[in-house]
Amino acid sequence: MTLLIDSVLMLAGLVIWIRGNSENDDVWSLFLRVFAGVDLAVVVLGKGQLLLEIPLLLLALALPSVARLEHSRQSIR
């Protein structure tokens with residue numbers, strides 16, 4: 001069971017890393033890459049931190065993209 005959870009968390013970190021590579025904004029891209037790196041380090045090095053890892057990953061996956069934020073800002077004007 002632990003291997004399955006770790007695999008899902010590693011996959012989520014990979015998704016965040018790929019999402020960070022696809023962003024146009026350099027700062028946002030760097031933030032997502034650092035977040036993915038911290039996630040992968042916590043999964044590899046910190047066993048038993050699931051109560052911390054899972055909510056933070058869900059939050060990271062729910063973050064909007066820069067393009068969506070700019071589009072919503074332009075539609076308001």
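A nonpolar core is a set of buried Ala, Val, Leu, Ile, Met, Phe, Trp, Tyr and Cys residues joined through side-chain atoms within 4.5 Å. I take buried as under 20% relative accessible area, exposed as over 50%, and partly exposed as in between, with a 1.4 Å probe and protein chains only.

**Entry 1: ground rules.** I am working with a predicted model, in which local features need pLDDT of at least 70, side-chain atom pairs count only at pLDDT 80 or more, and totals for chains, interfaces and linings use all residues. Residues are numbered from 1 along each chain as its sequence is written, and side-chain values use heavy atoms, with hydrogens and water left out.

**Entry 2: layout.** I looked up the secondary structure and found four helices and zero strands. Helices (H or I, at least four residues) and strands (E, at least two) are DSSP runs, numbered from the N terminus. The order from the N terminus is α-α-α-α.

**Entry 3: confidence.** The pLDDT, the predictor's confidence in each residue from 0 to 100, averages 77 over the chain, and 84% of the residues score at least 70.

**Entry 4: the core.** Which residues make up the largest nonpolar core? I list eight: L9, A12, I16, L32, A36, V43, L57 and A60. Two or more residues each come from α1 (2-22), α2 (26-45) and α3 (50-62). I then checked A36 for contacts (heavy atoms within 4.5 Å). Apart from neighbours within four places in sequence, A36 touches G13, I16 and W17. Over the whole chain of 77 residues, 23% count as buried.

**Entry 5: the surface.** I noted a nonpolar surface patch of L11, L14, V15, W17, I18 and L61, with about 540 Å² of accessible area together. Patch residues have over 30% relative accessible area and no salt bridge; like charges are joined within 9 Å, and nonpolar side chains (Val, Leu, Ile, Met, Phe, Trp, Tyr) within 5 Å. A salt bridge is a side-chain nitrogen of Lys or Arg within 4 Å of a carboxyl oxygen of Asp or Glu. Areas come from the Shrake-Rupley method with a 1.4 Å probe; for residues, only the protein chains shown count as cover. Helix α1 gives the most to the patch, five residues. L61 lies in helix α3 and is partly exposed at 38%.

**Entry 6: V34.** Buried or exposed, or in between? V34, in helix α2, is partly exposed, at 49% relative accessibility. Its C-alpha atom is 9.6 Å from that of I16, 18 residues away along the chain.
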